[in-house]
Amino acid sequence: MKNIKAFIQKYRQKLVVIATVILAVIGITNLYYNLKINPMSNDECLWVPHIEGRDTLIYFDKVKVGGVAWNAGIRNGDRLVAINNVRLKNLRPASITLNKFHEGEYAPYTYERNGQRFNTTVYVKKLISFNNLSFNLLGLIWLLVGFIVIMAKPNGYVQRLFYRVGALFVLSFTFSFLSSESIPSSLRDARWLAAVIDFVWTFSAYLLSFMIVYFFWFFPKPFKVVEKLWVRRLFFIAPSAIFVISYIYRIFFIFMTGDTERYSYIVASVNLLLMLGLAVGLVSLIINYRRLKTKREKKPVFVVMAGFILGVASVIYVTAIANVIADSIFNSPEFFMPIILVTLIPVSFGYSIFKYQLMDVSIVVKNTIIYGTATVALAAIYFLSVYGLGQGIGEVVGTENRNFIAAAAFVVFALIFQSTKDRFQELLTRKFYPEQFTYQKVILKFGRDVVSIVGLDNILDSMRDTFVNSLRLEHFAIFLNDENPHRFYVKRGMGLDSASEAVSISDQELRLTHYVREQLVMQDEITIERQQFMEIFPENFAALEAAKIYTIIPMVIKSRIVGLLAFGLKHSGSQFAGKDLELLCAAANQAAVSIENARLYEFEAQRFALQRDLENARKIQQSLLPKTLPQISCFDLSGRMISAMQVGGDYYDFIQVSPLKLFAVVGDVSGKGLSASLYMSKLQTMMRLYCVDGKSPKEILIEINKKIYEGIERNWFITATLVLFDAGQGVIRFCRAGHSQLLEISGDKVNFYQPKGIGLGLEEGRVFADTLEEVTLRLEPEHIYAIYSDGVSEAMDENNELFGTQQLADSILGNKNKNAGEIISGVLASVERFRGSREQNDDITLVLVKSK
């Protein structure tokens, strides 16, 4: 289905041409049938059936005085017995028999008066069905105007609806191929062809009635009710349902029974729906006309409305009045001729299109006529010049070289023809389209200048100045997307009220994205006009209308929408169309490239600045870590911290408070990057401030928690382990504020200690103090104490397996005879081998104290 839709989108114009040719052939054939095949024979009187028993007798009535039947001696009340010696049992065979005679021939009649029979000859006239003829012409004219409309703007929604109405009018009156006196005559002959035509004309006719209303609910301004999807679907579901019901009726009551007289009910239902469609369409147009605010908007619609009123009035007159004031259509056909005024409906559209640029068409046609004529004229001048020059030189150099000279002159003139033609077209544009010429110059200058502008704000300012000041637009806006690629915000605007300035265009349902991709497949200019806003921007339609936006042009880079240009009306008051749109699309493409380049430059500049800041932060962080370790004879100390990012959230420190006492601390901020390093630096400062002789680890952490809680964001916290090594008393005291376990190795024995405690900054103080547990151990010689962050124990390999505390202990045991620094190097090497190709996912910090 997507491939079919893409094919239609890509070749829409060619398919429209093919369809129009086929429909035009059908319409002309319809016209031929109505003029030559289907005219009824007319004897200028009425035949009135009268049932007597099993027979249907036919009597003459309303015989026109001086008419062909009157002149043949027939009077009111006479009974028609036979035509051309064919005895007549009802009206149908009588009509069929008389219709076999050509216009100007004499048909033998046998009639009866007062029991006496008479033979006479009646001069045969032919009567054209003015109804069928008028609607055939209406369909052909509407199709022609619709073809011009849709070729001028193939993607315009209203333009497509208008064309469909014309196509359906033509198809609806393929009924002419089947009908004679509104009764199908060929169903018993070419049944398959008749069935196809029957299917086409009835479905088209039912759909036509609804399509007329649907079109006028969009033209000239859409009603809010058609914003609802179920309403739009109803316009296609309802006629389809009616058609199905009518076809079921035909199958059971006409085709299976052979009672073709009932076919008139189908025709009557179609005519009734068509009249209702025209009436509702007219009312909708009048209501829409009253909604228009300016004379410029009303003038072309008034012409259409006037033509529509006359057309509908002619239908009402023929249906309700003509039969009253005239004897019958056979005696006074001139009373039924005003139905031809129904053709004023498409004619009025055509007039408004060419006169007032309705539906943005006339400018395209005008361009085609002027430029086409100018090109042909210029080519003719060149041809005559080449011919005259060749002939003149040939006279001088001789006839034997005349052809060669002419060919050489033709080649020379052909080389300079294109450049001269372009300059000539530019002259015509300046002369006949000064506004377009100005736009062209301004936009070309913008395209040259915008590539040299640096900075997104400068580019947007230049775009606003170009479109607002140079083109003198009163309503204009630039929409760009930010983090969300499917929502666009106003970045620059002109003529928008306070409510409109806050407008954001949403594409959450991807309607805009799908439309742009379809247009890219067609390799066409991507424009969105007001008639399409409801379909593409259903959430923002009212806001865009209030902002007086009529045209939106997406700015696209490699199928990605980077922004939207929204335009109001031109300074002249008309909507952008034709060549203007081509120029705006070219400007939008150039602007899209410049905006994307500016964004990339801005992103790179921000990335460079961030890298510079992170590098500075990393240097600051490294400066906070101990550069030299305390020298205490009974301890071998070492520590290492490796960040997962350029700046990490882990911290360690050794703080000596006396010759035989030191604090060892490891902290881990819940997060990574620059923010984590800032909290880490705050922790380091507080540790240095509160770790003094005479204070226990628990007292220090309680004090630090109060300070941390006051300054940390609620979604952040810090875990820490603080250990006091007291060689004088031969003990170690430590607390764990939500951090990893303390690991002790004695010989080949491994002990893990995990006292109670919650992280710093999670609670103001009481709960933290109540849950914080301090543990005291004997400080033994040749023992190893390891304080680590979860980046060590939770390091992962390619299979998402954890390194774990057991492997950490085994790695320390395997290196226990080495000094503290070498043990740490061995552990980190084991972690690195374990991870393999898996990236480091957390900061790694390891502090080792080896007692002597």
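User: Is E44 buried or exposed?
Analyst: E44 counts as buried because its relative accessibility is 6%, where buried means under 20% relative accessible area, exposed over 50%, and partly exposed in between, with a 1.4 Å probe and protein chains only. The model is a predicted one, in which local features need pLDDT of at least 70 and side-chain atom pairs count only at pLDDT 80 or more, while totals for chains, interfaces and linings use all residues. Residues are numbered from 1 along each chain as its sequence is written, and side-chain values use heavy atoms, with hydrogens and water left out.

User: Where does E44 lie, and what is its phi?
Analyst: E44 lies in the loop between β1 (40-42) and β2 (46-52), and its phi is positive, about 55°, although E44 is not a glycine. Helices (H or I, at least four residues) and strands (E, at least two) are DSSP runs, numbered from the N terminus.

User: What about N114, buried or exposed?
Analyst: N114 counts as exposed, at 79% relative accessibility. N114 is found in the loop between β6 (106-113) and β7 (116-123), and its phi is near 55°, a positive value in a residue other than glycine.

User: Which residues are joined by a cis peptide bond?
Analyst: The cis peptide bond joins F219 and P220, with omega about -5°, and P220 has its place in the loop between α7 and α8 (229-255).

User: While we are at α7, where is A194 and how far is A194 from F175?
Analyst: A194 has its place in helix α7 (residues 191-216), and A194 is buried, with a relative accessible area of 1%. Between A194 and F175 there are 9.7 Å from C-alpha to C-alpha, with a separation of 19 residues in sequence.

User: Changing topic, how many salt bridges does the structure hold?
Analyst: The structure holds 17 salt bridges, a salt bridge being a side-chain nitrogen of Lys or Arg within 4 Å of a carboxyl oxygen of Asp or Glu. Side chains of opposite charge can pair when their charged atoms come close.

User: Which residue forms a salt bridge with D461?
Analyst: D461 forms a salt bridge with R492, and their closest N and O atoms are 2.8 Å apart. This pair links distant parts of the chain, since D461 is in helix α15 (residues 456-470) and R492 is in strand β12 (residues 487-494), 31 residues apart. D461 is partly exposed, with a relative accessible area of 23%, whereas R492 counts as buried at 15% relative accessibility.

User: Which residues make up the network of salt bridges there?
Analyst: The network links D457, D461, R464, D465 and R492 through salt bridges.

User: And what about E604 and R607, where do they lie?
Analyst: E604 and R607 both lie in helix α20 (residues 579-624), three residues apart, which is about one turn of the helix. Their side chains meet in a salt bridge at 2.8 Å, N to O, and the relative accessible area is 39% for E604, which is partly exposed, and 36% for R607, also partly exposed.

User: Which residue does R117 meet in a salt bridge?
Analyst: The side chain of R117 meets that of E112 in a salt bridge, at 3.3 Å from N to O, and R117 is partly exposed, with a relative accessible area of 45%.

User: Now α2, why does its end-to-end distance agree with its number of residues?
Analyst: Helix α2 (residues 12-37) has 26 residues and should span 38 Å at 1.5 Å a residue, and its end C-alpha atoms are 35 Å apart, which agrees; the expected span is 1.5 Å times one less than the number of residues.

User: Which residues of α2 are buried?
Analyst: In α2, the buried residues are R12, V16, T20, L23, G27, N30, L31 and N34.

User: Last topic, which residues gather in the patch of positive charge?
Analyst: K295, R296, K299 and K355 gather in a patch of positive charge on the surface, and helix α10 (residues 295-325) gives the largest share, three residues. R296 lies in helix α10 and counts as exposed, at 55% relative accessibility. Patches are made of residues with over 30% relative accessible area and no salt bridge, with like charges joined within 9 Å and nonpolar side chains (Val, Leu, Ile, Met, Phe, Trp, Tyr) within 5 Å. Lys and Arg count as positive and Asp and Glu as negative, while His and the chain ends are not counted, and the place of a charge is taken as NZ of Lys, CZ of Arg, CG of Asp or CD of Glu. Accessible areas come from the Shrake-Rupley method with a 1.4 Å probe, and for residues only the protein chains shown count as cover.
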